[in-house]
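Dear colleague,

I am handing over the structure we spoke about, and the notes that follow set out what was found in it. Please read them with the sequence and the coordinates open beside you.

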Amino acid sequence: MCTVSVIPLPPRDALAPGEGPTGCRIVCNRDERRERPAARPPTVRACGKRTALMPIDPDSDGSWLGVNDLGVAIVLLNATLRSDAASPKQDVRALMSRGLIVPSLLEADSCDQAFQRALNIKASDFKPFRLVIINTHGCVVVGSDGRDVRCLGATPADVPNVFSSSGLGDHLVEPPRQALFDAVVRDQDCTRAQQDAFHSHQWPNHQHLSVKMNRADARTISRTTLALWPDRATMNYQPLDEQGNATSTDEAELRMQDRP
């Protein structure tokens with residue numbers, strides 16, 4: 001369960017307007033069961049031949065968001081399908097944790113390679129999911145319904161995007177969150193402040209549908225921000241308390257390597 005948004009970043013402030021590289025900014029609200037253990041802050045670790053930066057989920061030793069040293073970023077969302085399009089019955093005891101998908105794809109040397117690896121995932125090994133594969137040129141979305149894995153679309157880097165999931169049903173939360181994103185971010189100046197305002201938003205009478213989600217059995221437990229440039233990536237991780245306030249902030253940086 002998550003809300004993930006991606007916006008383009010203008011040239012860095014240290015550069016003259018119109019000069020230098022542009023990047024993208026990814027913000028992820030992670031929604032989980034209240035009893036789930038807290039994640040470990042972003043850490044640099046080896047993923048095959050690549051070096052990657054990601055927060056670590058202690059249950060799986062995997063993650064929901066990461067970036068490697070060639071600028072390939074992966075975001076994982078659980079998928080809860082409509083009842084009339086439900087995934088096949090699966091033996092949950094035999095399923096692998098979806099958190100393992102992100103580190104495995106961060107071994108890729110490019111977004112194209114990560115995309116091809118994602119398409120080759122054995123869908124029946126995992127509960128349904130969506131993957132957003134991102135670099136500074138754009139993003140591509142891959143989804144699994146538990147039967148097969150397929151491409152769900154792609155957008156260029158200058159197009160703001162939002163992706164949502166919920167254990168109540170993705171189709172229930174996506175329309176209101178998309179409309180809010182359009183009003184607060186896409187139809188405005190598409191700034192960092194507007195993106196942060198979107199991820200802090202909560203409807204008082206509809207907290208279960210909100211971006212900063214809160215319901216009896218689950219809530220938004222953390223917010224992770226990844227700024228991705230051609231030469232580096234910075235990650236900011238904030239666990240949130242019961243009121244949705246940050247209890248601490250951990251920051252880390254990963255320098256990009258020359259492409260092989």
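The largest cavity has a volume of about 50 Å³, and the count of cavities of 30 Å³ or more comes to 1; please keep in mind throughout that this is a predicted model. Its lining consists of Val 6, Cys 24, Ile 134, Asn 135, Gly 138, Cys 139, Pro 156, Ala 157, Val 159 and Asn 161, with β7 and β8 each supplying at least two of the lining residues. Sorted by class, the lining of this cavity holds 7 nonpolar and 3 polar residues, and no charged ones.

Ile 134, one of the residues lining the cavity, also belongs to the largest nonpolar core, which has 27 residues, and is among those that touch the most other members, together with Ile 26, Leu 65, Val 67, Val 75, Val 132 and Leu 226. If residues up to four places away in sequence are not counted, Ile 134 touches Val 6, Cys 24, Ile 26, Gly 71, Val 72, Ala 73, Val 75, Cys 111, Cys 139 and Leu 228. Apart from this core lies another, of 25 residues, whose members include Ile 56, Leu 105, Ala 114 and Ala 123.

Ala 114 leads on to helix α2, which spans residues 111-119 and whose buried residues are Cys 111, Ala 114, Phe 115 and Ala 118. These four lie on the same side of α2, because the arc they cover around the axis is only 100 degrees. As for their partners, the buried residues of α2 pack against α1 (101-105) and against the strands β6 (73-78), β7 (129-135), β8 (138-144) and β9 (149-156).

Turning to the open sites, the second largest pocket has a volume of about 300 Å³. It is lined by 16 residues, of which Ala 79, Leu 81, Ser 144, Arg 150 and Leu 152 are the closest to its centre. At least two lining residues come from each of β7, β8, β9 and α3 (170-186), and α3 gives the most to the lining of this pocket, with 3 residues. Which classes of residue make up the lining of the second largest pocket? There are 5 nonpolar, 4 polar and 7 charged residues in it, whereas the lining of the largest cavity has no charged residues.

With best regards

Methods. Residues are numbered from 1 along each chain as its sequence is written. This is a predicted model: local features need pLDDT of at least 70, side-chain atom pairs count only at pLDDT 80 or more; totals for chains, interfaces and linings use all residues. Side-chain values use heavy atoms; hydrogens and water are left out. Buried means under 20% relative accessible area, exposed over 50%, partly exposed in between (1.4 Å probe, protein chains only). The arc is that of the directions from the helix axis to the C-beta atoms. Contact means heavy atoms within 4.5 Å. On a 1 Å grid over the protein atoms alone, a cavity is a set of points where a 1.4 Å probe fits but cannot get out, and a pocket is an open set with protein on both sides within 12 Å along at least five of seven lines; lining residues have an atom within 4 Å of a point. Grid points are joined across faces, edges and corners, and a volume is the space filled by probe spheres set on the points. Ala, Val, Leu, Ile, Met, Phe, Trp, Tyr, Cys and Pro count as nonpolar, Asp, Glu, Lys and Arg as charged, and the others, Gly among them, as polar. A nonpolar core is a set of buried Ala, Val, Leu, Ile, Met, Phe, Trp, Tyr and Cys residues joined through side-chain atoms within 4.5 Å.
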